[in-house]
Amino acid sequence: MLKDKIKNNNFKVGVFGLGYIGLPRSIHFAKANINVLGFDIDKNKIKKIRNKESYLSSVKSIQLKSIVGKKFNVTNDMSRVNEVDVIVLCLPTPLKSNNIPDLSFIINTMNKIKKYLKNHQMICLESTTYPGTTEEIILPILKKRGFELGKNFYLLYSPERDDPGRKIINSSIPRVYCGLTHRCTLLGNLFYSKIFDKMILVSSIKTAEMTKLFENIYRSVNIGMVNEMKKICDKMGLKIFDIINAAKTKPYGFNVFYPGPGLGGHCIPIDPFYLSWKAKKFNIETKFIELAGRINRSMPDWIIKKTLRIIKIKSKKSKNIRILILGVAYKKNINDCRESPAFEIIKKLKNKRINVQYNDPFIDEIPKLRNYNFKMKSKKLTKKLIQSFDAIIIVTDHDRYNYDMIRKNNSIIIDTRNCYQKKYENIYLA
Ligand SMILES: NC(=O)c1ccc[n+]([C@@H]2O[C@H](COP(=O)([O-])OP(=O)(O)OC[C@H]3O[C@@H](n4cnc5c(N)ncnc54)[C@H](O)[C@@H]3O)[C@@H](O)[C@H]2O)c1
């Protein structure tokens, strides 16, 4: 019985998708003495893990040393799903064009593994998605295979809440979850309690799916609002960070969000549109989501206009402009550049025939991305390099940057992250 196997730690977890979420999750299980078999279609990732080499900035290779080949093994052979007891799906949920959810990764995986599934396994979907996905996409495949849910097969949704780069112990992040049936829920609790300190049971799978979307929409809308506040303050000659710092002293009713160059990452720019799409099926418009999306997407343009205006005023230059972007990762200290606003800035600068280069200590080369294909390499950050540009735009505030050296070697620093909290003449908040 699955219950006894989990209770006695005599079970194996199959983690599908060894990306930003699946790899740390696999390590988390393995360190808790649970046998893990990781699955990925990316042969390069499989090879690297087997060589105990990490490809994520959030995972150190040393973390793989003691577990790979022992508690943690990996494969791209999907038929080996029949070796595991619990299947955890950490698969991508991107958008297609027109902001339509792309569930192809979940559907393809289910189609590949369905014939190898066996009685008394449990599937836990962790990917972020719209309410209804687990029951509308995964459940019918299981039913068609003849499983009786809650009796000889178990299904669960529990969203991933990790925030790569943030130094918070994963186990301490409360885990929202719900199973399809009472028995699925009990097994889900037993399973995730192995690695999480606090379990938050919600009333249905759809509630769990919606909770994750709500968390990300809350961020997107609040970031949209603070970005709009930044534009208003800029026009009025007020300093947005003075206002934020004062407002956040209120002990209740105010949660702080910071303005920036726009949204990035696999979550905040994407997930809200999963709800917009689903809400349309109920004839509901998601006005906050659309508005926040518009404001957040307008930030690169606003930053560019401000940069060019400052260059024109300070350097009297409107031709042969050279701009250096610092940071293309979507947030500090990580090597994930998916949906980074840096790329929209680079694209728009290139369209204006501006010579644009970048440096990012975490990203040597810009990979091929969903909407961009730049073929650019990170420049070595030296005093001479900084001096050779008309302006520097700080898009990502990596801790590794020597901010003092940067500010001393260029007369126009566009600071989109408030790295320089002190006032220097050549720092322009944007
Ligand atoms: N990255 C985050 O910060 C974060 C935070 C919370 C939630 N999430 C959610 O977690 C999910 C996974 O995100 P991620 O950032 O880890 O994605 P990712 O792209 O980093 O990783 C996904 C992995 O799945 C693999 N894959 C694709 N198809 C496969 C298949 N058929 N079988 C096996 N592997 C396959 C890919 O090769 C890739 O390695 C998404 O739904 C995302 O929204 C992400």
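A: A crossing is called left-handed if the near helix is turned anticlockwise from the far one by less than a right angle, and right-handed if it is turned clockwise. Helices (H or I, at least four residues) and strands (E, at least two) are DSSP runs, numbered from the N terminus. The model is predicted: local features need pLDDT of at least 70, side-chain atom pairs count only at pLDDT 80 or more, and totals for chains, interfaces and linings use all residues. Residues are numbered from 1 along each chain as its sequence is written.

Q: Why is H11 called oblique to H12?
A: Helix H11 (residues 287-315) and helix H12 (residues 341-351) pack at an angle of about 50 degrees, and their axes are 9 Å apart. Angles under 35 degrees count as roughly parallel, over 145 as roughly antiparallel, 65 to 115 as roughly perpendicular and the rest as oblique. H11 is therefore oblique to H12. The axes are lines fitted to C-alpha atoms, for helices over the stretch in contact, and angles run from 0 to 180 degrees between N-to-C directions. The crossing of H11 and H12 is right-handed.

Q: Which residues of H11 and H12 meet?
A: On the H11 side they are Met299, Pro300, Asp301, Ile303 and Ile304, and on the H12 side Pro341, Glu344, Ile345, Lys348 and Leu349. Two residues are in contact if their C-beta atoms, placed from the backbone, lie within 7 Å. The contact of H11 with H12 has seven nonpolar, no polar and three charged residues. Ala, Val, Leu, Ile, Met, Phe, Trp, Tyr, Cys and Pro count as nonpolar, Asp, Glu, Lys and Arg as charged, and the others, Gly among them, as polar.

Q: What makes H8 oblique to H11?
A: Helix H8 (residues 205-236) packs against H11 at an angle of about 50 degrees, with axes 8 Å apart. H8 is thus oblique to H11. The crossing of H8 and H11 is left-handed. Among the residues that meet are Ile217, Ser220 and Val221 in H8, and Phe288, Ile289 and Leu291 in H11. By class, the contact of H8 with H11 has 10 nonpolar, four polar and two charged residues.

Q: Why is H8 called roughly perpendicular to H10?
A: The angle between H8 and helix H10 (residues 271-280) is about 115 degrees, and their axes lie 8 Å apart. That value makes H8 roughly perpendicular to H10. The crossing of H8 and H10 is left-handed. Leu213, Asn216, Ile217 and Ser220 of H8 make the contact with Asp271, Pro272, Tyr274 and Leu275 of H10. That contact of H8 with H10 comprises five nonpolar, two polar and one charged residue.

Q: How many residues surround the ligand?
A: The count is 27, and the closest are Gly17, Gly19, Tyr20, Ile21 and Ser127. A residue is near a molecule or strand if its C-beta atom, placed from the backbone, lies within 6 Å of it. Helix H5 (residues 104-113) gives the most to this shell, with four residues. The shell around the ligand has 12 nonpolar, nine polar and six charged residues.

Q: Where are the domain bounds?
A: The chain is divided into domain 1 (2-202) and domain 2 (219-429); such bounds come from an automatic or database domain assignment. The C-alpha centres of domain 1 and domain 2 lie 33 Å apart.
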